[in-house]
Amino acid sequence: ALEDKIKENAKEFITEIKKFIPHVLLLTGDNKIIASKVASNVGIDEVITEVLPEDKGKIVNDLIKNGHKVMMVGDGVNDSLALTSSTVGVGIAKGSDVALASSDFILMNNDLMDILTIFKLSKRIRNNINFNLIWAFGYNIIFIPIAAGVFSFAHIMLSPMYASMLMALSSVTVSLNSLTLFLFKDNSEDRDCCAYIR
């Protein structure tokens, strides 16, 4: 007869998160009837019910041992072991202190949609890192041999002064590209990232 009210945007969140995560699992200490009803309402395919806190941690560890990367989202004391064991733990600001201390990210607005922002920002950071690496290696591979006179036989030479200037320009380019992360905004919600990184 008693059950928690489902968050208003929970179904939308599950639909959207499946674009980033191939498998969504509801892991709960609640009984099977309530948990199955919740899972059915929001679109979660697999449910593990009536799980003790230590068993949550064991299930997460087993998933990781089987080669999965696990993101655990929880807000209670009973989630702390699973949050600690997971690849990435996400706590909710209104949750227990133990759950928050066990998390890698803390959602400040108690809004599950902010988890999507974490994924989008992470993807943006990875793209920036890749660009910076390609740019820096490309600069070094091309201009260091030229500055060293390797291609002087073909009359391709570069004054050390200009080589130094180009290396400085490379560092400036990489730095400016990294600073563009401050401009990140989640366009779907027209808001800044609302998660605190521990």
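Buried means under 20% relative accessible area, exposed means over 50%, and partly exposed lies in between, for a 1.4 Å probe and protein chains only. This is a predicted model, in which local features need pLDDT of at least 70 and side-chain atom pairs count only at pLDDT 80 or more, while totals for chains, interfaces and linings use all residues. Residues are numbered from 1 along each chain as its sequence is written, and side-chain values use heavy atoms, with hydrogens and water left out.

**View 1. Strand β4 and its two partners.** Helices (H or I, at least four residues) and strands (E, at least two) are DSSP runs, numbered from the N terminus. In β4, 4 of the 5 residues are buried, so the strand is largely enclosed by the rest of the structure. Two strands pair if DSSP finds at least two bridges between them. β4 pairs with strand β3 (residues 71-74) in the parallel sense, over 4 bridges. The bridge partner of V73 in β4 is V90. From β3 the chain crosses through helix α4 (residues 80-85) to β4, and this β-α-β crossover is right-handed. Right-handed here means that, with the strands pointing away from the viewer, the path from the first strand over the helix to the second runs clockwise. β4 also pairs with β5, again in the parallel sense, over 3 bridges. Opposite G91 stands I106 in β5.

**View 2. V73 in strand β3.** V73 sits in strand β3. This valine is partly exposed, with a relative accessible area of 30%. S103 is 30 residues from V73 in sequence, and their C-alpha atoms are 8.7 Å apart in space.

**View 3. The nonpolar cores.** A nonpolar core is a set of buried Ala, Val, Leu, Ile, Met, Phe, Trp, Tyr and Cys residues joined through side-chain atoms within 4.5 Å. In soluble globular proteins, nonpolar side chains tend to be buried together. The largest core here has 17 residues. Those with the most contacts inside it are F13, I14, I17, I44, L107 and I115. Two or more residues each come from α1 (10-17), α2 (32-42), β4 (88-92), β5 (105-107) and α6 (114-148). The largest share, 4 residues, comes from α1. A second, separate core has 8 residues, including V60, V70, A82 and A99.

View 4. Patches are made of residues with over 30% relative accessible area and no salt bridge; like charges are joined within 9 Å, and nonpolar side chains (Val, Leu, Ile, Met, Phe, Trp, Tyr) within 5 Å. Accessible areas come from the Shrake-Rupley method with a 1.4 Å probe, and for residues only the protein chains shown count as cover. I125, I129, L133, F137, I141 and I142 make a nonpolar patch of about 580 Å². L133 lies in helix α6 and is partly exposed at 43% relative accessibility. I129 is also placed in helix α6. Its relative accessible area is 45%, which means partly exposed. I129 and A99 are 30 residues apart in sequence, with 31 Å between their C-alpha atoms.

View 5. A salt bridge is a side-chain nitrogen of Lys or Arg within 4 Å of a carboxyl oxygen of Asp or Glu. By this rule the count is 4. K19 bridges to E16, with the closest N and O atoms 3.1 Å apart. K19 is exposed, at 60% relative accessible area, while E16 is partly exposed at 24%. K18 forms a salt bridge with D45, where the closest N and O atoms are 3.7 Å apart. This pair links distant parts of the chain, 27 residues apart. K18 lies in the loop between α1 and β1 (25-27), and D45 in the loop between α2 and β2 (46-48). K18 is partly exposed at 36%; D45 is exposed at 67%.

View 6. The side chains of K58 and D62 form a salt bridge, 3.2 Å from N to O. Both residues lie in helix α3 (residues 53-65), 4 residues apart, or about one turn of the helix. D62 is partly exposed, at 31% relative accessibility.

**View 7. The backbone at E50.** E50 has a positive phi of about 55°, although it is not a glycine. E50 lies in the loop between β2 and α3. At 55% relative accessibility, E50 is exposed.
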